[in-house]
Amino acid sequence: MDFDLLVHNIGQLILPAYTGKSLKGEEMKQLTVKESAAFAVSDGKVTWIGSDAEAKSFNAKVKLDAEEKVVSPGLVDPHTHLVFGGTREHELALKQEGVPYLEILARGGGILSTVEATKNATLQELFDKASFHLERMVSHGTTTIEAKSGYGLERETELKQLRVVKQLNEKYPVSIVSTFLGPHAIPPSYNGKENEFLQDMMGLLEEIKEKNLADFADIFCETGVFSIEQSRLFLQRAKENGFGLKIHADEIDPLGGAELASSLGAASADHLVAASDEGIRMLSESETVAVLLPGTTFYLGKEHYARARKMIDDGAAVALATDFNPGSCVTENLQLIMSLAALKLKMTSEEIWNAVTINAAHAIGKGELAGTLDVGRQADFVVWDVQNYKYIPYHYGVNHAKSVYVSGQIIWERMPFGKFQLSRSR
Ligand code: IZC
Ligand code: ZN
């Protein structure tokens with residue numbers, strides 16, 4: 001047999017299960033970890049998976065020695081605000097003074113300050129800035145990404161952001177799923193006319209669908225932003241227009257976002273820090289994935305994290321994401337989120353790996369394409385500089401990725417120290 005690529009001498013090959021649906025409850029505890037493994041790739045797809053011993057007799061144009069390290073599917077980050085203008089480091093001092101996130105927004109800062117900067121940036125400027133962050137995500141092992149609009153709050157800038165996502169998806173080999181988040185905040189000019197603003201955003205759904213600029217629609221359902229009833233109206237209209245549904249739900253106050261998402265058949269309900277028992281019960285009985293964002297809870301300095309243990313133990317499907325954005329979670333590093341999931345959400349290593357691969361893929365409608373490795377699937381994978389899969393959540397805050405591949409092609413590799421490398425025996 002002659003393959004394009006043979007990845008051999010893999011210490012542990014991580015193979016999350018594809019069952020056609022997201023992994024729920026007990027299923028999340030199962031993770032196939034194949035020791036002394038190898039796999040082959042031809043025409044960008046996995047063509048064989050087996051033992052390293054069998055692979056010894058195979059021929060391939062390129063052989064990649066994984067040096068007994070861990071190889072996993074490319075990570076999937078199912079919730080990011082990737083495209084934005086400006087930065088908000090000035091808000092750090094406000095946070096230190098104890099000014100809450102929603103108060104910064106109510107004062108016209110927060111999301112609204114990013115809206116101003118995004119309006120003032122050209123499409124090219126936004127593209128260049130998002131590229132920088134996207135490349136950093138890839139360098140941390142992420143190969144499939146969801147990206148939201150929501151820093152325009154008017155037609156022109158929302159479309160500009162969505163066009164940037166489309167161009168990024170075309171230019172980069174990674175896969176980017178686009179979400180329209182028009183109802184992300186209320187522009188000051190609409191104060192007292194919130195329903196009018198919501199109608200304006202609903203009026204954009206048809207055009208965005210026609211122009212094929214987004215697959216999902218999302219709304220920030222929160223006290224002082226959009227109510228449950230407004231969220232229901234918007235999401236129902238989005239569904240009628242053929243969008244998959246997402247919702248920023250129960251992040252700060254328990255408004256019933258989890259319940260709404262499950263009853264509407266949303267692909268995901270995201271945040272859920274304050275989700276009610278009933279909301280968790282409804283999630284566990286639905287196909288809606290709970291996308292948890294512990295990096296945001298950490299960054300906002302909150303004590304209480306989403307009740308991941310209860311969600312999983314009660315039978316819900318949980319995924320993890322960075323929530324990368326310029327205000328409430330400024331990191332591209334999904335590995336850091338894996339550590340927070342272990343430390344703060346008390347998730348097991350097996351649950352965490354399922355949550356950043358196959359379940360994250362299901363949360364963005366990519367379950368058939370991303371989040372695991374299997375014969376016939378696109379060969380998106382990461383070689384990690386670690387000996388076992390439990391090590392990544394354990395050793396936190398650094399980048400363990402050694403090389404990143406999409407469709408069997410290398411797209412990122414850690415630069416070796418070269419001639420300055422200290423001699424070491426390992
Ligand atoms: O820019 O603050 N929570 N939206 C809802 C965000 C965080 C993004 C931001
Ligand atoms: Zn968000």
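A polar contact is a pair of N or O atoms within 3.5 Å; within protein, one must be able to donate a hydrogen and the other to accept it, and residues adjacent in sequence count only if both atoms are side-chain atoms. In this predicted model, local features need pLDDT of at least 70 and side-chain atom pairs count only at pLDDT 80 or more, while totals for chains, interfaces and linings use all residues. Residues are numbered from 1 along each chain as its sequence is written, chains are lettered from A and ligands numbered from 1 in the order in which they are written, and side-chain values use heavy atoms, with hydrogens and water left out.

A polar side-chain atom of Y101 lies 2.5 Å from one of the oxygen atoms of ligand 1, and for Y151 the distance to an oxygen atom of the ligand is 2.6 Å. The side chain of H184 places an N or O atom 2.6 Å from a nitrogen atom of ligand 1.

H81 is buried, with a relative accessible area of 3%, and H248 is buried at 4%; buried means under 20% relative accessible area, exposed over 50%, and partly exposed in between (1.4 Å probe, protein chains only).
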